[in-house]
Amino acid sequence: MAGVRPGLLRAMGRQVLLLLALCATGARGLYFHIGETEKRCFIEEIPDETMVIGNYRTQMWDKQKEVFLPSTPGLGMHVEVKDPDGKVVLSRQYGSEGRFTFTSHTPGDHQICLHSNSTRMALFAGGKLRVHLDIQVGEHANNYPEIAAKDKLTELQLRARQLLDQVEQIQKEQDYQRYREERFRLTSESTNQRVLWWSIAQTVILILTGIWQMRHLKSFFEAKKLV
């Protein structure tokens, strides 16, 4: 290890950390409760040109049994996705259980919102609905068994495909990290410039105030001597 350059070690360390981060955060599952027509939004950091797949299912609250039961097919769920610029990427009506897919074209925080536009839940569920949501980002969104069956890939070819997808996703994550660092640098420079100009303006104001006070006092004392 004595002959290995420190820069190479740092680069390898970043690759490993990014791979671990992808494995840990590539797929997220959760559930939440919403009321009638209530909107619930989530923020997801997504690199550029990355596929995202969301799977959800709903359950309605049964007052008599006091448990959540599978929702009726007539329940509607609306999904809306906005990119970091506020542009709508996806806006579509789904059923009580569904799957939505979109591809990011701008790196950054994407807003994913879900809400029910059905009033039937007010009658049957007392306005209480449980939504199970699973979001998969990047290569985790790929269905490799389906890809292998479609393209007739061997196990070795499929593994190579997975590794290539992981490398591509790591490159996207690195590009996104550089994008965030660049934005942070620009924001810091802009803030420092504003602080500098504000300090200069305060100094100028203090100097002008001192000059005015000196002239005012000088006129005051001269007037006193004349009297």
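## Aromatic pairs

Let's begin with the rings: the structure holds 3 aromatic pairs. Rings of Phe, Tyr and Trp (its six-membered ring) pair if their centres lie within 6.5 Å; planes under 30 degrees apart count as stacked, over 60 as edge-to-face and the rest as tilted. One of these pairs is made by tyrosine 56 and tyrosine 94, an edge-to-face arrangement with 6.4 Å centre to centre and 80° between the planes. This pair links distant parts of the chain, with tyrosine 56 in strand E3 and tyrosine 94 in strand E6, 38 residues apart. Helices (H or I, at least four residues) and strands (E, at least two) are DSSP runs, numbered from the N terminus.

Some notes before reading on: this is a predicted model, in which local features need pLDDT of at least 70 and side-chain atom pairs count only at pLDDT 80 or more, while totals for chains, interfaces and linings use all residues. Residues are numbered from 1 along each chain as its sequence is written, and side-chain values use heavy atoms, with hydrogens and water left out.

Is tyrosine 56 buried or exposed? Tyrosine 56 counts as buried because its relative accessibility is 3%; buried means under 20% relative accessible area, exposed over 50%, and partly exposed in between (1.4 Å probe, protein chains only). Leaving out residues up to four places away in sequence, tyrosine 56 touches several residues, among them Met77, Tyr94, Phe100, Leu114 and Val131. Contact here means heavy atoms within 4.5 Å.

Tyrosine 94 belongs to strand E6, which covers residues 88–94. With a relative accessible area of 12%, tyrosine 94 is buried too. Beyond its neighbours within four places in sequence, tyrosine 94 is in contact with Tyr56, Leu75, Gly76, Met77, Val79, Arg99 and Phe100. As for glycine 76, its C-alpha atom is separated by 5.9 Å from that of tyrosine 94, although the two residues are 18 residues apart along the chain.

In soluble globular proteins, nonpolar side chains tend to be buried together. Here the largest nonpolar core has 21 residues, and those with the most contacts inside it are Tyr56 and Phe100. The elements giving two or more residues to this core are strands E1 (27–34), E3 (51–62), E5 (77–82), E6, E7 (97–103), E8 (108–116) and E9 (129–137). Which strand gives the most to this core? That is E9, with 5 residues. A nonpolar core is a set of buried Ala, Val, Leu, Ile, Met, Phe, Trp, Tyr and Cys residues joined through side-chain atoms within 4.5 Å.

## An open sheet

Next comes an open sheet of 4 strands, in the order E2-E8-E5-E6 and with antiparallel pairing. E2 and E6 stand at the edges, each with a single partner strand, so one side of each is left without a neighbour in the sheet. The twist averages 15° from one strand to the next. Two strands pair if DSSP finds at least two bridges between them. E5 and E8 pair in the antiparallel sense over 6 bridges, and glutamate 80 has cysteine 113 in E8 as its bridge partner.

Valine 88 has its place in strand E6. Valine 88 counts as partly exposed because its relative accessibility is 49%. Leaving out residues up to four places away in sequence, valine 88 touches Glu80, Val81 and Lys82.

## A hairpin and two glutamates

E3 and E4 pair in the antiparallel sense over 4 bridges, and glutamine 59 stands opposite proline 70 in E4. Their hairpin has 4 residues between the strands, and there glutamate 66 takes a positive phi near 55°. Glutamate 66 lies in the loop between E3 and strand E4 (67–70). At 56% relative accessibility, glutamate 66 counts as exposed.

Glutamate 49 also has a positive phi, near 50°, in a residue other than glycine. Glutamate 49 is found in the loop between strand E2 (39–46) and E3, and with 41% relative accessibility it counts as partly exposed.

## An annotated helical span

Finally, the unreviewed UniProt entry carries the annotation "transmembrane region" for residues 195–214. UniProt positions are given in the numbering used here, feature names are shortened, and annotations may be inferred rather than shown by experiment. In the model, residues 195–214 are 100% helix and 0% strand, with their end C-alpha atoms 28 Å apart.

Technical notes:
Axes are lines fitted to C-alpha atoms, for helices over the stretch in contact, and angles run from 0 to 180 degrees between N-to-C directions.
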